[in-house]
Amino acid sequence: RAVYDLHARPLRASHFKELIMLMDLGQNAYKAQRYGEIRKRLLKKALIPRNTGVYLKRGGSGGPRNLTNEDEVCRCMERLGFAVINPERMTVDEILTQLYGAKFVVGVEGSHLAHAFYTMSDNRAILIIQPPQRFVMNLKGPMDCIGLLMGLLVPTANEKGFAVDIGRLEKTLDMLSAVNHC
């Protein structure tokens, strides 16, 4: 909340005479405006874009999604000029510094990719490595709402999880780059 200058006061208990709840379903112009406002608040931090691309490691704190050739993927990302970061081992400010202004963010599907939603450049792309045994599109609606491009790469399942074909990864990044003119 502090990073985005959101001032909320936690309450332990509350009593309402009347409570009206609005169902804010779907993406709309008002949500796009709210997302934009939160993204603009980072400008106050005077961050300087550092990385054209970032590979965001999933880590082990969430549900298991075992990318069995992650070391190979990280080497590929570094060869392509991407920074490889692990948010589990970083402060909020360190994560923001690495992600701010990125044109591409790549990572295994998970909530950690939400870091990129608010920090990367406008009209850029996130490539989600989507585990073959699950299909989750939580970021698709918000990303479409603010004009971010989303690509999916479904790796091959193996006995310990899944593995990304490096050639397909590079080709998918090339396609996203061509579509997005990055």
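View 1. A disulfide is a pair of cysteine sulfur atoms within 2.5 Å. Cys 76 is in no disulfide, as its nearest cysteine sulfur, in Cys 74, is 9.7 Å away. The count by this rule is 0 disulfides. The model is predicted: local features need pLDDT of at least 70, side-chain atom pairs count only at pLDDT 80 or more, and totals for chains, interfaces and linings use all residues. Numbering starts from 1 along each chain as its sequence is written, and side-chain values use heavy atoms, without hydrogens and water.

**View 2. Cys 74 counts as buried.** Its relative accessibility is 8%. Buried means under 20% relative accessible area (1.4 Å probe, protein chains only). Cys 76 also counts as buried, at 4%.

**View 3. The largest pocket holds about 250 Å³ of space.** A pocket is an open set of points on a 1 Å grid over the protein atoms alone, where a 1.4 Å probe fits, with protein on both sides within 12 Å along at least five of seven lines. Lining residues have an atom within 4 Å of a point. The largest pocket has 13 of them. Closest to its centre are Arg 39, Lys 40, Met 120, Ser 121 and Asp 122.

**View 4. Helix H1 (29-41) and helix H4 (114-119) each supply at least two lining residues of the largest pocket.** Helices are DSSP runs (H or I, at least four residues), numbered from the N terminus. H1 gives the most, with 4 residues.

Key
Points joined across faces, edges and corners; volume = space filled by probe spheres on them. Buried < 20%, exposed > 50% of the residue type's maximum accessible area, 1.4 Å probe, protein only.
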